[in-house]
Amino acid sequence: MVDERLQPWPPEVREAVARFRQGDVIRLPSIFYLACPRYPLWALSLPTPGEDTDPQVIESEWSSESLGLITSQTCDIAEDERPTPRKPWIQVSPVYQRHITGTPPMHMVRLTGVGLTPDSYADLRIELPIEKGWLVDQTPVAGFADAEQFRMLALRLALQRRREAFPTWVVERICAPLRDEAALRALGLLDGVEEIRLAFEGDDLSSTRAAGLMILAVGEEAREALTPGWSDWCESLAEGLSPEVHLLPVVVLTADTMRAREYRRTAPVWVFSAPVV
């Protein structure tokens, strides 16, 4: 249905899309979504007395200064060399100011670009389809201060889509403490850490009753320095753990010593300064 209705690029749009990349910020004057007033989960979906409770599209107007973060991949924005766009829309998440202490929730991405208001966050819980023609009158604003942070956004978006379902006990007893980045750094547990993954027993991670951390260090020197601290930290996680589940001993490895099969059998929980669960 979409393919049959695609139109050739208007010259203005073809020129505009070349200016934008994933992680740029644009104006986003409204949020829209399909609401279910009969079973509302958000205040804007609540029906007024006598109002029809059938599903309906709701648009929440923001000010003309409201912003959104482009989450589409850069190559999907410009679609170089295509005479007709295959993807006429980009995906955009709303941006707003919010004071967050400690590590932000997974769905909140702090923006650091020059000219953006401090405490600006993109909310990845919703991504709106915006036709690319909207970019013609837009000026791209970099959402991040450097190339590494743009890379981190791409990684976070990818991990958000592919992360596996963890059992509740793993989320509460293993993943939740990892979100306290300040505490981990105070103990020196993140110095030289490239990635933190979850090892588990059985074929189904969502129902496993035995799991533990696998720390990927940047080198042998870092591995040796990290092992005692992570061993002590993980031992503390086992305190009060239900006898029905088991915390596996932590393993600290380097990329040179970790086997590919081991890596594929684990799931990411913390990657490049970003908790992903």
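I began with Trp233. Leaving out residues up to four places away in sequence, Trp233 touches Ile174, Pro177, Leu178, Leu184, Leu187, Leu189 and Leu213. I took contact as heavy atoms within 4.5 Å. This is a predicted model: local features need pLDDT of at least 70, side-chain atom pairs count only at pLDDT 80 or more, and totals for chains, interfaces and linings use all residues. Residues are numbered from 1 along each chain as its sequence is written, and side-chain values use heavy atoms, with hydrogens and water left out.

**Cores.** Next I looked up the largest nonpolar core. I used this definition: buried Ala, Val, Leu, Ile, Met, Phe, Trp, Tyr and Cys residues joined through side-chain atoms within 4.5 Å. Buried means under 20% relative accessible area, exposed over 50%, and partly exposed in between (1.4 Å probe, protein chains only). The largest core has 32 residues, of which Ile196, Leu198, Leu213, Trp230 and Trp233 touch the most other members. Two or more residues each come from helix H4 (168-178), strand S10 (193-200), strand S11 (210-217), H6 and strand S14 (267-271). H6 gives the most, six residues. Helices (H or I, at least four residues) and strands (E, at least two) are DSSP runs, numbered from the N terminus. A second, separate core holds 15 residues, including Leu28, Ile77, Ile90 and Val92.

**Rings.** How many aromatic pairs does a search of the whole structure find? It finds three. I counted rings of Phe, Tyr and Trp (its six-membered ring) as a pair if their centres lie within 6.5 Å; planes under 30 degrees apart are stacked, over 60 edge-to-face, the rest tilted. Phe144 and Phe150 pair edge-to-face, 5.3 Å centre to centre, with 75° between the planes. Both Phe144 and Phe150 are buried. Trp230 and Trp233 also pair edge-to-face, at 5.2 Å centre to centre and 80° between the planes. Trp230 and Trp233 are three residues apart in helix H6 (residues 220-237), so about one helical turn separates them. Trp230 and Trp233 are both buried.

I then checked for charges over rings, meaning NZ of Lys or CZ of Arg within 6 Å of the ring centre and within 35 degrees of the ring normal. The charged end of Arg21 sits over the ring of Phe150, 3.6 Å from its centre. The charged end of Arg197 sits over the ring of Tyr263, 3.8 Å from its centre.

**Cysteines.** I found zero disulfides (cysteine sulfur atoms within 2.5 Å). Cys234 is in none; the nearest cysteine sulfur, that of Cys175, is 12 Å away. Cys234 counts as buried because its relative accessibility is 7%. Cys36, at 32%, counts as partly exposed.

**Ser93.** Is Ser93 buried or exposed? Ser93 has 0% relative accessibility, so it counts as buried. Ser93 lies in strand S5 (residues 89-97). A polar atom of the Ser93 side chain is 2.9 Å from the backbone oxygen of Ile126. Beyond its neighbours within four places in sequence, Ser93 contacts Leu28, Leu67, Gly68, Leu69, Thr71, Asp123, Leu124, Ile126 and Glu127. Ile31 is 62 residues from Ser93 in sequence and 9.2 Å away in space, C-alpha to C-alpha.

Methods:
A polar contact is a pair of N or O atoms within 3.5 Å; within protein, one must be able to donate a hydrogen and the other to accept it, and residues adjacent in sequence count only if both atoms are side-chain atoms.
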